[in-house]
Amino acid sequence: MAESGDFWLLLGVAALLGVFGGLFGLFFMWLLHLGQSWYAYSSPGWMGGHWWWVALTAAAGLVIGLLRWATRLPFKTPGLIADLQDQYVNPRLVPGILLVSTASLIGGASLGPEKALGSAGGGLGQWLAARRRLDDDARGATTLSGMAGAYGGLFSSPIIVVMMIVELARPGGAKLTRVLVTSILSASISFGVYFAVAGTVFLDLYEVPSFSYENWYLLAGVGIGLLAAVASSLLGLIVTVSGKLFDRLRLPDIVKSIVGGVLFGVVGVILPLTMMTGTDQLGVVLKEGSALGLGLIAALVIAKMITMGVSLGSGFIGGPIFPSLFIGGTAGVALHLAVPSLPLGLTFTCMLAAVVGGFVSAPFAMVLFAAFTTQIGALNTTPVLVAVITSFVTVQAVQFLLARRVKRRTDAAAAAPGRAA
């Protein structure tokens, strides 16, 4: 492969995409920081928000509808997971996605910045590959390296980024080598650019109480993983049902976005920690969980699922990973409050990784992310791995059984006319 001229061309493009990803990531996150400065709640507890938030989130829905019309962006666009699995980002949709995603995140939607960043990097990679007339495998590798460059600085670790891309995109054969090499290069350069200006973002972000490893934590990891699978499945169900409900509304798309903004705005007034991406809000839950109480923490988990589903279903654009991290980490705090004999560091880290690992099907990337953000130590990572794998396998089993049931119904319906004849 190294003797091919195309391989070295891919490396050059990957390096360029790494520089672009780091610079664009800095600009985009700075823009969000400025735009979200309005978010300040009076209390993290019940009714801690402000009612004028509802007017702002409704206005965000109006702006999103107008931006979609101006950019001719379809109401339904491929999500982040679909982009990675297809190894394709349509460059023509990128300007509209960036504008709508920016308005969505500034407007308080329960979504993350990873969709916008991935679209920018992946779209540029796809455009460069088309300009150079690369083959399909090379185009896919270039698109993924563009997305890796967009995430290298954001996730503060090229290892996490490359693992996530490989798990979700699942490139096979010789293409795997191309994707690994170009993604590592792109993500590393992006991290270097990002770190030089802003430093790390997520390393040591969540300080959990230290705990000593016990063998029974492995068995506890199985139980926590099963609980995480329930949370992941419930999240998937709520997102799916919410999307179908908005699809059935016989309203103009712009009105759907306004309705969605009003809904998650009202929830935000009642529970202000459900607003925004959830990164900073999760830190508040971790520090003040015992003071907030089990009832409020449990309500936050369900409410965040609902606001995430409403945001996605009503036309707002953003990523699913960051709000899922909030759901998982908050569920971990709730589990510790319900079962105090389980250390907070164990329940928080296991649920943080296992809920997202099951929901987006990237178990090993989430284990690395949880270990890096909490710094629990190598030995204590073992029960986290057990919890994540348990959650992932359980969710996959549930999906398999549901798909099998649907297939049986379809086959039975298709065979019914034949029996009648």
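Which residues does S190 touch, not counting residues up to four places away in sequence? S190 touches G18, G21, G22, G149, G152 and G153, where contact means heavy atoms within 4.5 Å. S190 lies in helix 8 (residues 174-198); helices are DSSP runs of H or I with at least four residues, numbered from the N terminus. With a relative accessible area of 0%, S190 is buried (buried means under 20% relative accessible area, exposed over 50%, partly exposed in between, with a 1.4 Å probe and protein chains only).

The model is predicted, so local features need pLDDT of at least 70 and side-chain atom pairs count only at pLDDT 80 or more, while totals for chains, interfaces and linings use all residues. Residues are numbered from 1 along each chain as its sequence is written, and side-chain values use heavy atoms, with hydrogens and water left out.

The structure holds 2 salt bridges, a salt bridge being a side-chain nitrogen of Lys or Arg within 4 Å of a carboxyl oxygen of Asp or Glu. K115 pairs with D83, their closest N and O atoms being 2.5 Å apart. This pair links distant parts of the chain, with K115 in helix 5 (residues 114-131) and D83 in helix 3, 32 residues apart. K115 is buried at 2% relative accessibility, and D83 is buried at 5%.

K76 forms a salt bridge with D247, the closest N and O atoms being 3.6 Å apart. Here K76 sits in the loop between helix 2 and helix 3 and D247 in helix 9 (residues 216-248), 171 residues apart. K76 is partly exposed, at 44%, and D247 is partly exposed, at 44%.

Methods: Helix = DSSP H or I, 4+ residues; strand = E, 2+ residues; numbered from the N terminus.
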